Amino acid sequence: MDEQANTNAKWKEKTFEIIFKADTFWGKLFDAILLVAIFLSVLAVILESVGRFRLNYGIYFLWAEWIFTGLFVIEYILRIIVVKKPWHYIKSFFGIVDLLSILPSLLAFVFAGAQSLMIIRGLRLLRIFRIFKLTQYLGEASQLSTALLASRKKITLFIATVLILVSIMGAVMYLIEPPESGFTDIPRGIYWSIVTLTTVGYGDIAPITPLGQIVASFIMIMGYGIIAVPTGIVTSEMNKSRFKVDSRSCENCGAKQHGDFAKFCHNCGEKLPPIS
């Protein structure tokens, strides 16, 4: 009995190292295979949406989908088995992403029949979420997420200011421009202000009066400066939060990308293993 328990413990430990640790040969090989599978599965989803490809190669896309789904199901189950507290992994961001990567194909069994084709199509579209599985293998992802989290108040204030600005400009253009120019109400004016401020300029609505064109020119020029603001905020926070990310994985929930001086898991708070 003890021998069997030791065998199971060793198997779990070895599997944990392969799946969650990127500083071993087998861990690197596993990550490389998984990366290729994610890329190919997302590519298959994209190509399947093209009519002529779906018509000529539909059966191949179907087989590819089930192969990828099988691989991701096995990976998901193994991750749950080898961590000490599976629930921490299941409810984590990457646990949810891993579940979303397999759920659509499995739910297709439930929603069978011609009347539910649109539902199946919507569920299958969720497979594109597999692209988020890539973020757990990008070394700079943790630094970027830390910078975004640190700058969330500044960015929120910036977005609120922009919303106030486009609302005022939209109302001004509604007052200045005649209805025949397209500014028939304030919401249409706000829509035009957003499009103009972001320098997109669809051209579906355009001012025709000299005063309206002056205001539009002001908004266009102001747009160039406004676009640079959030970039500067995030860049500043990234410079402040720059740190080296090691390959240690939490043995409790499997989270990666901890700071090289971190002692506890950023996801569940469990004590991390020492740096080898």
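Modeller: The secondary structure of the protein chain comes to 10 helices and zero strands, where helices (H or I, at least four residues) and strands (E, at least two) are DSSP runs numbered from the N terminus. This is a predicted model, in which local features need pLDDT of at least 70 and side-chain atom pairs count only at pLDDT 80 or more, while totals for chains, interfaces and linings use all residues. Residues are numbered from 1 along each chain as its sequence is written, and side-chain values use heavy atoms, with hydrogens and water left out.

Of the 276 residues of the protein chain, 35% count as buried (under 20% relative accessible area, 1.4 Å probe, protein chains only). Among contacts (heavy atoms within 4.5 Å) between residues at least 6 apart in sequence, 60% join residues at least 24 apart.

The part to look at closely is the packing of helix H3, residues 51-82, against helix H5, residues 93-107, whose axes come within 9 Å and cross at roughly 140 degrees. The crossing in which H3 passes H5 is left-handed. On the H3 side the contact is made by Glu65, Trp66, Thr69, Phe72, Val73, Glu75, Tyr76 and Arg79, which meet Gly95, Asp98, Leu99, Ser101, Ile102, Ser105 and Leu106 of H5. Sorted by class, the contact of H3 with H5 has seven nonpolar, four polar and four charged residues.

Tyr76, one of the H3 residues in that contact, also takes part in an aromatic pair (ring centres within 6.5 Å; planes under 30 degrees apart count as stacked, over 60 as edge-to-face and the rest as tilted), and the structure holds five such pairs. The rings of Tyr76 and Tyr89 have their centres 6.0 Å apart and their planes at 45 degrees, so this pair is tilted.

For reference, Phe183 and Trp192 form an edge-to-face pair, with 5.3 Å centre to centre and 75 degrees between the planes. Phe183 is buried, with a relative accessible area of 1%, and Trp192 is buried at 5%. Ring pairs also link Phe53, Tyr57 and Tyr60 into a cluster.

Definitions and conventions: Axes are lines fitted to C-alpha atoms, for helices over the stretch in contact, and angles run from 0 to 180 degrees between N-to-C directions. A crossing is left-handed if the near helix is turned anticlockwise from the far one by less than a right angle, and right-handed if clockwise. Ala, Val, Leu, Ile, Met, Phe, Trp, Tyr, Cys and Pro count as nonpolar, Asp, Glu, Lys and Arg as charged, and the others, Gly among them, as polar. Buried means under 20% relative accessible area, exposed over 50%, partly exposed in between (1.4 Å probe, protein chains only).
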